[in-house]
Amino acid sequence: FFFLMIRRPPRSTQSRSSAASDVYKRQVSTQSTWGLLFSMRTAKLLLLVVGLLATIDLVCAKGKKKSDQVALQAPSDISSVDLKKIEQLKETRWGGTLLSLAGLHAKTSAGTIEKLIRALNALVNELESNAKTESKRFDQKSAINQVRGQEMQVKINEATAFIAQTKQKIQGTLIPRKKSAEFKVAQQQKLIKTKLREQSDVIRDRGNEEQGFQRRVGELQKAINSLDQVSLMLESLLKPDASMIQIKAASKQLKNLHETLASKHLAEMPMIDVLANLANSQNFGREDTVREVIKVVQDLRSKVAESLQKEESEEISSKSMSEGRLKTIENELTEAKNQLMEYSKLISDTDKQIQQAEENISTKTLDLDNMKKMQEEDKETWRKQTEIHQTVDADIMKQVEVIKECQELFKNKDFVNYLKTNIQ
């Protein structure tokens, strides 16, 4: 009969939650332990009952099943309250078995019912002690689980804060930095175009100035050469053997020189006009006139030579200024290009930082989802464990209550006498 009190575990456990399975296994182990303790106590009592085995053999020989427990007939000296309690106990899992066991004790040997009561009392104490131990162990596991939950929540909070901070870094720091660098890159590119255009203008202007200088120098040199020729020709007129042909040729050459100089050397126009007047007078037969013309030609040559020197000096200065300006532009271009490279590198580095930050967000988000999933699974697992613990604890307490009720009933002498006379 005591084997009927051992709860049979299911043939298989659920595989959806390994933690729940472990708890269920512990539940089955606990139930089996309590059942074994109860069966050991009951076995000791059965050994004390004289003739119990013979009675069990007799019952088994008649082919009775679990439903063939002792039928209790209501005697006239038991109250209706007792009968109601008996009927209630018979409906419980352990109550019917204990009633049948008490009947066998009362029938086979006198006085053993008290031993059964003491054994049941010891069993109740042990069951309550085991229940308290198991509750204490469950409370410890609950505390550990709570700590784990808090640690997991801390990690979730840290991951959430990391994601928020990284997004803030991207939106508040990296993207504005990139936009600022892009704006500066556009500025430097515009500056480079401006400087390149300015450099081209300076080079073009320098080329034009050099061409104008070469043209003016050529004209001035040509004027000097012409004045030298006229001066030589005029000096030849001072010779006694100068002919009229030479005089006319000198006058004509002087007029041609006037026309040439008058169109290109406006700065020396007064002297050129004097030269023209002298040439028109055609008074080269007089020595004093020739010498006066020679003096004017020489003065004019000096003026043209001064103009040539001035042109050369201005050319040197202009060339120096152009070279300095080109050097300045080149330095500005170099600086602008360096700035462009620096800002371009900043954009590239910022893009890499943004990409890395987004990858970190993606990875941390995946970790966060997994942690939240684990947290929910842990909560569900612990909820099932709690339900199992509460169910097992309630079941044990219920059976303890049944045992205590049976103990109180067994202490009733009228009930014991009734068992001795009414067992079937």
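Visitor: Which side chain does Lys195 meet in a salt bridge with an N to O distance of 3.6 Å?

Guide: The partner is Glu198, whose side chain forms a salt bridge with that of Lys195 at 3.6 Å, N to O. Please keep in mind that this is a predicted model.

Visitor: Where do Lys195 and Glu198 lie relative to one another?

Guide: Both belong to helix α5, which covers residues 112–237. They are three residues apart there, so about one helical turn separates them.

Visitor: Is Lys195 buried or exposed?

Guide: Lys195 is buried, because its relative accessible area is 11% and the cut-off for buried is under 20%.

Visitor: What does Lys195 form with Glu332?

Guide: Lys195 forms a salt bridge with Glu332 as well, and the closest N and O atoms are 2.5 Å apart. Glu332 lies in helix α8 (residues 287–410) while Lys195 lies in helix α5, so this pair ties together parts that are 137 residues apart in sequence. Glu332 is partly exposed, with a relative accessible area of 28%.

Visitor: Why can such side chains pair at all?

Guide: Side chains of opposite charge can pair when their charged atoms come close.

Visitor: Which residues are linked with Lys195 in a network of salt bridges?

Guide: The network links Lys195 with Glu198, Arg325 and Glu332.

Visitor: And how many salt bridges does the count come to?

Guide: The count is 18 salt bridges. Another one of them joins the side chains of Arg204 and Asp201, at 2.8 Å from N to O. These two residues are also in helix α5, three residues apart, or about one turn of the helix. Arg204 is partly exposed at 44% relative accessibility, and Asp201 is partly exposed at 30%.

Visitor: Let us change topic. How many helices and strands does the chain have?

Guide: There are nine helices and zero strands.

Visitor: What share of the residues counts as buried?

Guide: Of the chain's 424 residues, 33% count as buried. The chain exposes about 26100 Å², and carbon and sulfur atoms supply 52% of that area.

Visitor: How many residues are in the largest nonpolar core?

Guide: That core has 25 residues, and Leu99, Leu116, Ile403 and Phe410 have the most contacts inside it. At least two residues come from each of α3 (80–91), α4 (95–108), α5, α8 and α9 (413–422). The largest share, nine residues, comes from α8.

Visitor: Which residues does the second core include?

Guide: The second core is separate and has 16 residues, including Val217, Leu227, Val290 and Leu308.

Visitor: What about rings? How many aromatic pairs are counted?

Guide: The count is one aromatic pair. Phe138 and Trp382 form it, and they are stacked, with 5.1 Å from centre to centre and 10° between the planes. Phe138 is in helix α5 and Trp382 is in helix α8, 244 residues apart, and the pair thus links distant parts of the chain.

Visitor: Are Phe138 and Trp382 buried or exposed?

Guide: Phe138 is buried, with a relative accessible area of 14%, and Trp382 is buried too, at 16%.

Visitor: One last point. Over which ring does the charged end of Lys364 sit?

Guide: The charged end of Lys364 sits over the ring of Phe162, 5.3 Å from the centre of that ring.

Methods
Residues are numbered from 1 along each chain as its sequence is written. This is a predicted model: local features need pLDDT of at least 70, side-chain atom pairs count only at pLDDT 80 or more; totals for chains, interfaces and linings use all residues. Side-chain values use heavy atoms; hydrogens and water are left out. A salt bridge is a side-chain nitrogen of Lys or Arg within 4 Å of a carboxyl oxygen of Asp or Glu. Helices (H or I, at least four residues) and strands (E, at least two) are DSSP runs, numbered from the N terminus. Buried means under 20% relative accessible area, exposed over 50%, partly exposed in between (1.4 Å probe, protein chains only). A nonpolar core is a set of buried Ala, Val, Leu, Ile, Met, Phe, Trp, Tyr and Cys residues joined through side-chain atoms within 4.5 Å. Accessible areas come from the Shrake-Rupley method with a 1.4 Å probe; for residues, only the protein chains shown count as cover. Rings of Phe, Tyr and Trp (its six-membered ring) pair if their centres lie within 6.5 Å; planes under 30 degrees apart count as stacked, over 60 as edge-to-face and the rest as tilted. A charge sits over a ring if NZ of Lys or CZ of Arg is within 6 Å of the ring centre and within 35 degrees of the ring normal.
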